[in-house]
Amino acid sequence: RHRSHIKAVLLRLANITSTTMPKSINTGYVHYQVLLSASSLLGPLLCLGTVDAFVVSTASTLHLSSSSSARNDYAPIQKHLSPQETHYGSFRLFAENENEEMTDAADATAVQEQQALSFSSDLSQAPGFWTGPESASPLHDSVYTQVLSTVLPELGAQLRQEYDDHFADPRQPDASRFAWDPWFVAVGDTGNKLEGAEELEEEVGSIDDDDEELVLVPGELEASEKQTQYSLKRIQTSQFFSTESYDLLVDELIALGRSVGLHAITPPWTSMYTDGDQQNWHTDAPHGPLAFVLSVCADEGDFEGGETMLLQPHMLDFWKGFDSSKGLECGSIVRHIPPFPLGRCIAFDPRVPHGVNRVTGNGPNPKRARVVVHGWFNEPQTTWFGAWNEKVDDSGLEDDDIPQDAATLLDQVLQPLVSTLASGEIGRVVGYLAVRMDVTADGTVEDVRAVCDTLRADPEDFRGVIGYDEADRPVMEDAVADVRLSIFETLKDLFFGPANGERAVIVPFDFE
């Protein structure tokens with residue numbers, strides 16, 4: 001970035017002195033809503049660009065408003081554990097009636113319980129399961145990350161053993177085998193047709209997109225509707241595996257999610273792909289910032305295909321930097337991520353068109369099927385790891401309280417930052433950013449890194465040339481770089497005070 005542009009961003013931050021969020025901000029082209037907890041450890045910072053106001057609440061939990069709601073099938077799974085247990089997950093403070101007032105005592109008790117559930121004294125529980133501190137990018141140098149990956153071999157082996165046991169004797173009736181849903185959907189099935197498309201094709205031979213006209217070839221629409229969209233066998237994971245294995249699965253997945261600031265998962269599905277099964281290209285409804293796929297595939301020789309396919313990032317902005325002198329083939333257009341080894345778990349940006357490559361070579365045999373557990377990570381929440389509850393007080397004694405002072409400090413710093421981000425001065429972005437701060441025993445911030453980054457500039461807000469540098473060269477807007485830099489400059493010089501060991505905190509930013 002040009003120095004003049006960086007200076008302008010820093011000056012905007014320096015001019016913000018108030019730690020009180022405004023009740024309403026109208027950016028002139030879109031409104032935001034943020035309902036931010038009074039303590040940063042209770043909720044993420046979220047800019048939601050589809051609602052009516054920018055609101056600050058002193059509520060002790062995060063509430064989001066949107067025009068659509070997920071089905072019960074996708075209600076988040078969370079772990080509610082006591083402070084003495086390993087802490088995975090999150091906790092809702094308010095009842096269903098958001099207008100119901102709580103007493104100060106009840107409010108304080110609930111806050112303490114929530115804080116305990118957002119806290120872990122074991123720093124090793126946040127090693128950065130996907131991209132750890134040793135490999136994650138410094139925040140101001142971060143780049144878009146489409147896929148995160150790890151391997152859970154022990155979990156994969158345990159699930160695979162149970163799966164094989166279910167199908168060990170095909171002549172022995174087993175009720176769990178009867179619960180599989182043979183899910184087949186064609187593109188043109190009811191509920192997915194383009195409204196009036198047939199008449200439109202007959203009359204004008206085209207479909208009018210907002211920006212450009214797509215001229216249809218005769219018969220194209222009919223051919224498209226015959227394509228297979230989804231073909232597989234699936235079951236709710238909780239209905240197939242034992243309680244012990246299912247609980248272990250949920251614990252492992254939520255631990256992974258917490259390493260990038262996501263505290264819950266949707267109820268996972270287990271899917272079986274035999275010969276001819278596939279998932280055609282699609283994008284996901286907004287069930288969470290990241291989708292996950294955990295492989296329960298045993299032997300690479302059981303089948304061919306079955307890779308998770310994603311469009312290469314550059315294909316999503318194809319004409320930017322287009323080079324007419326070069327041709328592209330499959331490997332330059334699509335990513336193919338194999339479901340091996342056993343226990344491989346990937347998390348990816350579900351906004352990107354993706355699918356499952358057609359499985360072949362295994363016939364209808366479930367013992368040789370592509371088997372995966374899949375769902376979405378959700379419920380962003382600030383997460384604390386390490387020696388926060390072993391703070392050194394004035395007398396040198398240990399204090400077992402959850403880090404109230406640290407949470408208050410983080411709130412005071414982040415609230416004006418969120419106000420700036422929501423104002424539109426820096427530029428609008430969409431996506432999810434999880435920022436990890438590593439804090440030394442003396443209280444200084446040692447590192448500020450992105451452990452998950454799917455930020456993209458909002459194309460409807462691109463402003464082109466926003467100024468000129470000292471050499472009179474045009475400076476193009478880069479909203480994503482500006483947002484990352486603004487967050488980095490806000491967090492890098494924080495001082496949390498001394499403690500008995502190293503610490504870390506992960507702060508999630510969810511831009512919609």
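Buried means under 20% relative accessible area, exposed over 50% and partly exposed in between, with a 1.4 Å probe and protein chains only. The model is predicted, so local features need pLDDT of at least 70 and side-chain atom pairs count only at pLDDT 80 or more, while totals for chains, interfaces and linings use all residues. Residues are numbered from 1 along each chain as its sequence is written, and side-chain values use heavy atoms, without hydrogens and water.

**View 1. Helix 10 is mostly covered.** Helices (H or I, at least four residues) and strands (E, at least two) are DSSP runs numbered from the N terminus.

**View 2. Helix 3 meets helix 7.** The axes of helix 3 (residues 153-166) and helix 7 (residues 243-258) come within 10 Å and cross at roughly 150°; axes are lines fitted to C-alpha atoms over the stretch in contact, and angles run from 0 to 180 degrees between N-to-C directions. The two helices are therefore roughly antiparallel (over 145 degrees). Leu155, Gln158, Leu159 and Glu162 of helix 3 are in contact (heavy atoms within 4.5 Å) with Glu244, Ser245, Leu248, Leu249 and Glu252 of helix 7.

**View 3. A cis peptide bond joins Phe340 to Pro341.** Its omega is near 5°. Pro341 lies in the loop between strand 14 (334-337) and strand 15 (344-348).

**View 4. Glu379 has a positive phi.** The angle is about 60°, although Glu379 is not a glycine. Glu379 belongs to strand 17 (residues 370-380).

Note on methods
Parallel < 35°, antiparallel > 145°, perpendicular 65-115°, else oblique.
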